[in-house]
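Here is a friendly briefing on one fold, written for someone who likes to know the cut-offs behind each term. Please have the viewer open as you read.

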Amino acid sequence: MKLKVSKHNDVTISEVAGRIDGTTARDFEEQVTATIQEKGGPLVCDLAGVTYISSAGLRSILVVAKRLAKEGNFFTVCGHTGTVAEVFRISGFEKIIPMHKTRDEALAAAEA
C-alpha cells in the first residue's frame with residue numbers, strides 16, 4: 001500500500017494505491033491520521049489505485065471518518081471501482097460515509 005498526500009485549496013487529498021488489508025490497514029490508518037494532524041481540514045480519500053480492500057481496511061476508513069467527524073471536519077471517499085466499490089456497497093459503507101465517483105466530485109463536495 002502506498003499513500004500520496006496533496007492539497008487542493010484547503011482540502012487534503014490522500015491518494016491510496018495497492019491493497020488495504022490486514023497487513024496494511026494499520027499503516028493506512030496511521031499515515032492518514034498523521035496527515036490529519038499535520039494538515040487539518042477536510043479530507044478526500046482517493047481510492048482509484050486500490051485493488052483490494054478487506055474488512056480491516058474498511059475498519060481503518062471508518063476510524064478515520066469518525067475521527068474527522070468528531071473534529072468537525074468533512075471526509076469523503078472517491079474513485080473506488082470494481083470489487084472495491086462492491087465491498088463498500090455490500091458492507092453498507094455507502095450509507096455511512098459520503099462517496100463520490102470522481103475526485104472532482106469529492107473536491108466540490110468538500111469545498112461546498
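**A buried threonine and its sheet**

Thr12 counts as buried because its relative accessibility is 1%, where buried means under 20% relative accessible area, exposed over 50%, and partly exposed in between (1.4 Å probe, protein chains only). The model is a predicted one, in which local features need pLDDT of at least 70, side-chain atom pairs count only at pLDDT 80 or more, and totals for chains, interfaces and linings use all residues. Residues are numbered from 1 along each chain as its sequence is written, and side-chain values use heavy atoms, with hydrogens and water left out.

**Around Thr12**

- Thr12 sits in strand β2; helices (H or I, at least four residues) and strands (E, at least two) are DSSP runs, numbered from the N terminus.
- Leaving aside neighbours within four places in sequence, Thr12 is in contact with Val5, Ser6, Lys7, Thr35, Lys39, Gly40, Pro42, Leu43 and Val44, contact being heavy atoms within 4.5 Å.
- Lys7, one of those contacts, stands opposite Thr12.

**The sheet**

- Five strands form an open sheet in the order β1-β2-β3-β4-β5, with mixed pairing; two strands pair if DSSP finds at least two bridges between them.
- At the edges are β1 and β5 (99-100), each of which pairs on one side only.
- Strand β1 (residues 2-8) pairs with β2 in the antiparallel sense, over seven bridges.
- Between β2 (residues 11-20) and β3 (residues 43-53) the pairing is parallel, over eight bridges; here Ile13 stands opposite Val44, and Gly18 stands opposite Val50.
- Parallel pairing also joins β3 to β4 (residues 75-78), this time over four bridges, and Leu43 stands opposite Phe75 in β4.

**The turn between β1 and β2**

- A hairpin is formed by β1 and β2, with two residues between them.
- Asn9 lies in the loop between these strands and has a positive phi of about 55 degrees although it is not a glycine.
- With a relative accessible area of 60%, Asn9 is exposed, whereas Thr12 is buried.

- From β2 the chain passes through helix α1 (residues 25-39) to β3 in a right-handed β-α-β crossover; right-handed means that, with the strands pointing away from the viewer, the path from the first strand over the helix to the second runs clockwise.
- The β-α-β crossover from β3 through helix α2 (residues 55-70) to β4 is right-handed as well.
- Helix α2 packs on the sheet, touching β2, β3 and β4, and its direction makes about 175 degrees with that of β3; axes are lines fitted to C-alpha atoms, for helices over the stretch in contact, and angles run from 0 to 180 degrees between N-to-C directions.
- Helix α3 (residues 82-91) lies across β3, β4 and β5, and runs at about 110 degrees to β3.
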